[in-house]
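I opened this entry to record what I looked up, step by step.

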Protein chains: 2
Amino acid sequence: MDTRPIGVFDSGIGGLTVVKEIMEFLPNENIVYFGDTARVPYGTKSAETVTRYAFQNTRFLLTKDVKAIVVACNTASAVSLDALQESFDIPIIGVIKPGAFAAVKATLNKKIGIIGTEGTVNSRAYERVIRKLLPEAEIYAYPCPLFVPIVEEGWANTKVSYMVAEEYLKPLKDSNIDSLVMGCTHYPLLMKVVDDVLEHKVKLINPARETALELKNILTEKGIENSQNVAAQYEYYVSDNPEKFKKVGGNFLEHDIINIKKIDIEKY
Amino acid sequence: MDTRPIGVFDSGIGGLTVVKEIMEFLPNENIVYFGDTARVPYGTKSAETVTRYAFQNTRFLLTKDVKAIVVACNTASAVSLDALQESFDIPIIGVIKPGAFAAVKATLNKKIGIIGTEGTVNSRAYERVIRKLLPEAEIYAYPCPLFVPIVEEGWANTKVSYMVAEEYLKPLKDSNIDSLVMGCTHYPLLMKVVDDVLEHKVKLINPARETALELKNILTEKGIENSQNVAAQYEYYVSDNPEKFKKVGGNFLEHDIINIKKIDIEKY
């Protein structure tokens with residue numbers, strides 16, 4: 001039993017899809033979220049830069065006395081998780097492994113699709129984990145750069161998002177995959193669009209949900225879950241533009257963001 | 001006569017539309033370009049953050065012995081130009097004033113449209129300059145957040161860009177404007193789409209072109225133009241991901257980017 005909060009960070013707002021799942025599966029846990037809105041996006045930046053940012057974000061969350069950290073950003077999970085785990089003493093989990101495990105569990109024909117930002121796809125991070133578990137897997141990975149701005153514009157269920165999804169998913173439709181990793185934190189908001197475009201034939205994996213379940217396992221194993229039955233507290237920090245975070249964040253969490261502060265992340 | 005280079009900076013790759021116009025109108029001038037690809041975009045960041053970045057970018061360009069600086073970024077021109085001009089001794093020009101002047105010159109019915117990023121539109125920078133020159137102007141300003149990622153995806157002339165433009169420009173079609181400021185450095189690549197969607201009824205102002213003309217005037221006035229008739233040299237610096245800059249930059253410049261280096265902008 002440990003009432004300290006869970007730390008979650010992301011390059012921006014997308015990690016709120018992970019927060020949403022943690023709230024659902026671990027309703028007692030306090031959460032401190034950091035969104036690096038001054039330096040978003042990470043997906044187009046080099047591994048070196050992303051790792052430097054990930055360390056700063058982790059050091060900031062540690063000042064909030066967190067008991068575990070979730071790297072809710074696919075790019076940072078892909079390129080920086082090992083270094084973080086080696087350098088810090090608390091449990092740190094990313095979204096890649098839980099997503100990859102779920103895909104391997106879900107597939108029957110061993111044809112797995114992955115969509116994400118350019119950074120995530122080019123890093124081949126999901127691919128590497130999937131191949132370790134299922135060496136004979138056929139993997140089809142495609143970047144979908146417009147999906148993030150579409151979600152942030154609030155256009156997730158419009159004609160534009162369907163047209164863009166048709167374009168990006170064309171090669172996946174021809175590939176006969178039976179499961180698809182939604183490998184970017186924004187993409188769960190496009191679940192319906194992707195499902196419709198793929199004609200409900202493909203099992204969609206939401207790494208945000210798988211990560212929350214993995215976090216639950218780890219807290220239980222280590223006996224550090226919070227079983228106190230009082231309303232959990234949620235604090236949000238951003239490196240820039242808290243107003244926009246508040247406004248757009250509602251679409252992700254389906255409830256209001258109250259405690260939000262701007263910090264100078266370069267200091268950590 | 002002065003053979004020192006012109007310094008140009010932008011939050012990323014978009015400023016290359018300004019470089020392209022400088023190459024056309026000032027073919028003898030050497031150019032040093034800095035694209036802040038590690039911290040792009042500026043449009044969603046606070047004025048304070050953008051100004052800090054603009055100072056770093058300027059200090060970097062000064063290490064290259066530039067004789068004048070063009071702030072090719074609408075957001076930085078909008079929020080940081082005055083502070084830069086007060087702090088440094090060489091001519092520094094932005095893209096806002098030249099664009100606003102051209103719009104005022106172009107309009108007959110005094111109804112002027114402005115499109116740009118959220119940052120530029122919310123700053124009301126074009127609006128302020130236009131109103132100073134033409135207080136009775138009716139101004140219609142709208143952000144078009146998806147235009148930048150569409151251009152960077154290389155989708156400038158596709159069905160998706162037409163559909164997105166139809167959506168964004170709907171209120172402008174009803175407003176009876178006769179001129180429109182393309183208030184983001186990426187937007188010149190969407191000139192044809194916007195012109196088609198507005199049914200060729202609106203005069204489109206390209207601030208990149210107007211800025212190059214303004215720079216030409218200033219160099220001539222001060223007698224610091226480069227009249228040496230040898231091939232001009234172009235150097236490019238970015239804060240991250242030179243490979244992507246090289247690849248996408250071709251669409252902007254219509255010729256190859258050769259001399260490109262990555263630098264650590266946080267040091268300046």
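This is a predicted model: local features need pLDDT of at least 70, side-chain atom pairs count only at pLDDT 80 or more; totals for chains, interfaces and linings use all residues.

Entry one, chain A against chain B. I looked up the contact and found 30 residues of chain A touching 30 residues of chain B. The two chains bury about 2,400 Å² between them, with 56% of that on carbon and sulfur atoms. On the chain A side, A:Leu146, A:Trp155 and A:Met163 lose the most area to chain B, together 21% of what that side buries.

I found four salt bridges between chain A and chain B. A:Lys262 pairs with B:Glu48 in a salt bridge, and their closest N and O atoms are 3.7 Å apart. Helices H2 (47-62), H7 (147-152) and H8 (159-173) of chain A each give two or more residues to the side that touches chain B. H8(A) provides the largest share, six residues. I sorted the residues of that side into 13 nonpolar, five polar and 12 charged.

Entry two, inside chain A. The domain assignment gives domain 1 (6-94 + 209-267) and domain 2 (97-207). Their centres, taken over C-alpha atoms, are 22 Å apart. Each domain of chain A brings 22 residues to the contact. The area buried between these domains is about 1,600 Å², and carbon and sulfur atoms give 55% of it.

Which residues form a salt bridge here, with closest N and O atoms 3.9 Å apart? I found A:Glu152 and A:Lys244. The count of salt bridges between the two domains is one.

Notes:
Residues are numbered from 1 along each chain as its sequence is written. Chains are lettered from A and ligands numbered from 1 in the order in which they are written. Side-chain values use heavy atoms; hydrogens and water are left out. Contact means heavy atoms within 4.5 Å. Buried area is the accessible area (1.4 Å probe) that two parts lose on being put together, summed over both. A salt bridge is a side-chain nitrogen of Lys or Arg within 4 Å of a carboxyl oxygen of Asp or Glu. Helices (H or I, at least four residues) and strands (E, at least two) are DSSP runs, numbered from the N terminus. Ala, Val, Leu, Ile, Met, Phe, Trp, Tyr, Cys and Pro count as nonpolar, Asp, Glu, Lys and Arg as charged, and the others, Gly among them, as polar. Domain bounds come from an automatic or database domain assignment.
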